Amino acid sequence: MGAVIRPYGDTTGDGMVQVSFTLPLIADKRGEGAALQLAGKMGIDPAMVVHAKQIGDGHTFFVVYGRVNHLVEPGKVVVAERDYPLLSAKEVNAGIRAKLRRKLVVVGACIGTDAHTVGIDAILNVKGIAGEKGLEYYRECRVVNLGAQVAVPALVEQARAEKADAVLVSQVVTQRDAHLHNTREMSAAFREAFPAARRPLLVVGGPRFDELQTADLGVDRIFGRGTTPREVASYLVHAVGAR
């Protein structure tokens, strides 16, 4: 039997957790009672409201602290492991030259109504993020950043015009699962527009994606929060080589 662990709050293994949520109630005793009722139904017992702040007409943000009896089994946790080596910029450039004998063409965008370009810019723009240069820095990459609110048909046409090897899409807006709907629409459009052998790699990223959903969403790779340009560049070299 594998090891089991409990959450930690004040002392090791005490099972204490802190959760936050919003209820469509005003910040009064009844509102706090409703928050405690919800916490109880979530298995938090005993629970206490440690923060309550009204955030608009008839809505309150709550923070609840309390104990749960659930156990965590780390040995049963399933994650998307990185199945390719992490390369230096020199190795990325050399890998592209060896495998393609031309520049790797990357088209990036935020699709649908998403106007949050910080993520895609961090991966593509030369300034990069966290001390790492973006894909524009790589000598053997040609980057076309289409920016925000790009319609899927326009993305498909631009990828075709640029003869893209990979299409990178960032999705931050997640209300009503917009990021999932947009990604499925994009995947379907590319599969309809390109023969399988000529379809660009489809890569999506954003803070609310599950990296294990590639098959469900019809993409080749999903990157979550904290992804760096070097990780993406290394993946592209690996995936292009596998093709």
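Guide: Asp 14 lies in the segment before strand 1 (16-23); strands are DSSP runs of E, at least two residues, and helices are runs of H or I, at least four, numbered from the N terminus. This is a predicted model, in which local features need pLDDT of at least 70 and side-chain atom pairs count only at pLDDT 80 or more, while totals for chains, interfaces and linings use all residues. Residues are numbered from 1 along each chain as its sequence is written, and side-chain values use heavy atoms, with hydrogens and water left out.

Visitor: Which side chain of opposite charge is nearest to Asp 14?

Guide: Arg 67, 6.2 Å away.

Visitor: What does the side chain of Asp 14 reach, then?

Guide: The backbone nitrogen of Asp 10, at 2.7 Å. A polar atom of the Asp 14 side chain also lies 2.8 Å from the backbone nitrogen of Thr 11.

Visitor: Changing topic: which residues touch the most other members of the largest nonpolar core?

Guide: Leu 124, Leu 135, Leu 168, Tyr 235 and Leu 236, of 26 residues. Such a core is a set of buried Ala, Val, Leu, Ile, Met, Phe, Trp, Tyr and Cys residues joined through side-chain atoms within 4.5 Å.

Visitor: Which element gives the largest share?

Guide: Helix 7, with 7 residues.

Methods
Buried means under 20% relative accessible area, exposed over 50%, partly exposed in between (1.4 Å probe, protein chains only). Lys and Arg count as positive and Asp and Glu as negative; His and the chain ends are not counted. A salt bridge is a side-chain nitrogen of Lys or Arg within 4 Å of a carboxyl oxygen of Asp or Glu. A polar contact is a pair of N or O atoms within 3.5 Å; within protein, one must be able to donate a hydrogen and the other to accept it, and residues adjacent in sequence count only if both atoms are side-chain atoms.
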